Amino acid sequence: MLEIKNISKIYGKEIAKVVALNNVSLRVNEGDFIAIMGPSGSGKSTLLNIIGGLEYPSSGEVILDGKRIDNLDEKDFVDIRRRKIAYVFQQYHLFPSLTALENVMLPLTFCGTEKGEEKALETLKEVGLEGRAEHKPSQLSGGEQQRVAIARALVNSPSLLLADEPTGNMDQKMGREILGLFYRLNKDGRSIVMVTHNPEIAGHAKEIIVLQDGQIADKISQKGGRQ
Amino acid sequence: MRLYQMVVKDITRRKKRVLYASVGVVIGVATIVAVLTIALAGETSINSQLEKYGANLMVMPAISNIDVGLGGLSLGTLAVGENRIPEDKLPEIREITDGLIREARGIKAEGNIATIAPKLYVNAEINGTSVVVAGVDPQEEHKLKTWWRVSKGRYLQTPDEALVGATVAELLKFNVGDRIALNGREITIAGILEETGSNEDYQVFVPIETVQEAFDKEGLVSSIDIRALCSACPTTEIASAINGKIPGVRAVAVKQIAETEMGMLEKINRFLLALAGITLAVGCFGVVNTMMTSVHERIKDIGIMKAVGASRNQIVKIFLYEAIIIGVAGGFLGYVAGTLLAYIVGPLIFGGVAVSYVPQYFLPSLVLATFVAIIATVYPAFRASKIKVADSFRSL
Ligand SMILES: Nc1ncnc2c1ncn2[C@@H]1O[C@H](COP(=O)(O)OP(=O)(O)OP(=O)(O)O)[C@@H](O)[C@H]1O
Ligand SMILES: [Mg+2]
């Protein structure tokens, strides 16, 4: 469903030049669960951002469902963010003034869906938070906040879910819970690409990609992932 | 949930921050409203004082007084020339005055137009005290002194009656019905005037014929007050026409006197208006500044909104709604604060002038505040919405 071909990303110029990605190619098929690992600064976030259209590559192609999207302008990308690719961040990035339910409804609001409440509640239920709908993010634990963020990403039923260290801010127990959630979502048919430092979490993926200095150093296939 | 509903929810839960963002609007609008309200109060007081002059023109005997002085040193005044005006000049004065008003206003109708009130001032000894007695034409004087209120008794009706100023009545313990001798002629006190705060409080008003007879001044008047009864009447032209055609008198338009007397107040007022203009500019600048800062502080929010599917249009719209709410709230608060400020500061500037709130400033306050808030928000928001999501997270 998604393919990136010979992607490079260079930040800055001349003396300040940083090659964040160097000629990276990758395929994400339907139902995939890919974990991206690698040392800090190896280009993991950059890669994920380019896949999600949060950043443009310096060269190379990003092809989604047979169509190039790396050269799309803002306007056309809005549609992809609304329907196909959703993002989960390490810092959750919820709006503190809105309740869990309202945060989840936000993507529906941007899509112009007026009566999104039912759908949003349903999605909150899917992440096990139906009892916290009226809570503000500040009244929720880190794991719960991340689940709200995941519900927000899921509410428009995207086919690809991108997550940048989604468990980076929580302890192991909570991290496992979140991972379990991703695992279930993947089993239900969603493709997932996740950046993580945690080998245990990566171990659950179907494929591990190891980045090093902006290049793919290793690809490890784990048929079906570890249960 | 619609976009504006989300903005309203968001804003009502971030009251403090929104209030902070609107501080600039409030201060700007408050200063402008305060300055304009004070300026208007000043102007109203100038106009009402002009109104109090009653007459638009004064006719006096020519060269009645000369200021005597050496260099800048005043040695008092010296009366020179004829001290009274012959009464038979009155019809001529009326003819000139009414004629010029007719011409200026295109009036065809016959009959008297201007109020022409002759006066004869004499000093009289009443109950052993020296008092200024003013002989007046009761009808014309009544039309001229619109602010007169008779507190006790009634207005002048018959020749042998007197209307007494408030202070005289108090000092000499006059009551309605008391009889007083005016140079041997006995008259009755018909009424006592309410205090006016002018020298009228120290005078006794008696029909002019009575005064002329009692003091042997038949056919003479001291001065003539003319009220043209229209603000656009050519008083200066009338004055020069009278001066040119009638020898022995000197006519002055009160406007000319008032202008110098009111000059100071006018200057303060003009200064305030200039201040209002500057405030407007500074206020707008302040608003633009705070609002731009608040947009900038929310770059990350803009990134998140984009990441979850907001278009640039929607982001601009969100800030537009916010600007409207901030503008209306800030305009309202600013109007109230500015009016309060005017009530406190106004009397200090214009010496006890009565400041009153100006409802006509309310709507413009809201409109101006909203307009400035929109300009100050939407443009930076439009620019900020260009940012790449990844960069917006890094910006903090
Ligand atoms: N906007 C930018 N400008 C300049 N250099 C950048 C920018 N973003 C990233 N980089 C550089 O690109 C390289 C890759 O960054 P990236 O954030 O992708 O690393 P990462 O693998 O996600 O690291 P971490 O595990 O610490 O999150 C780093 O050397 C980083 O300093
Ligand atoms: Mg990273």
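Q: A salt bridge is a side-chain nitrogen of Lys or Arg within 4 Å of a carboxyl oxygen of Asp or Glu. With that rule in hand, how many salt bridges are counted over all chains?

A: The general idea is simple: side chains of opposite charge can pair when their charged atoms come close. Keep in mind that we're looking at a predicted model. Here the rule gives 29 salt bridges over all chains.

Q: Can we walk through one inside a single chain? Which residue forms a salt bridge with B:Arg94?

A: That would be B:Asp98, and the closest N and O atoms of the pair are 3.1 Å apart. Then look at where the two sit: B:Arg94 and B:Asp98 both belong to helix 3 of chain B (residues 90-105). They are four residues apart, which is about one turn of the helix.

Q: And how many salt bridges are there between chain A and chain B?

A: Three salt bridges run between chain A and chain B. In one of them, B:Lys9 pairs with A:Glu102, with 3.5 Å between the closest N and O atoms. Polar contacts go on a separate tally: nine residue pairs across the interface of chain A and chain B qualify.

Q: Which elements of chain A each supply at least two residues to the side that touches chain B?

A: Strand 1 (2-11), helix 2 (74-83) and helix 3 (100-111) of chain A each do that. Helix 3 of chain A provides the largest share, with six residues. Sorted by class, that side of chain A has 11 nonpolar, seven polar and nine charged residues.

Q: How do I read the extent of the interface? What is the area buried between chain A and chain B?

A: Count residues and then look at area. On the residue side, 27 residues of chain A contact 29 residues of chain B. On the area side, about 2,500 Å² is buried between the two chains, and carbon and sulfur atoms give 62% of that. A:His93, A:Phe95 and A:Phe110 supply 24% of the area that chain A buries against chain B, more than any other three residues.

Q: Last one: why is the site of ligand 1 shared between chains?

A: Check which chains the neighbors come from. The site is shared because residues from chains A and B surround ligand 1. There are 14 such residues, and the closest are A:Ser40, A:Lys44, A:Ser45, A:Thr46 and B:Arg394. For distances, a polar side-chain atom of A:Ser40 is 2.4 Å from an oxygen atom of ligand 1. The corresponding value is 2.7 Å for A:Ser45 and 3.2 Å for A:His197.

Methods:
Residues numbered from 1 in each chain as written. Chains lettered and ligands numbered in written order. Predicted model: local features only at pLDDT ≥ 70, side-chain atom pairs only at ≥ 80, totals over all residues. Heavy atoms only, no water. Contact = heavy atoms within 4.5 Å. Buried area = accessible area lost by both parts, 1.4 Å probe. Polar contact = N/O pair within 3.5 Å; in protein donor to acceptor, adjacent residues only side chain to side chain. Nonpolar A, V, L, I, M, F, W, Y, C, P; charged D, E, K, R; others polar. Near = heavy atom within 4 Å.
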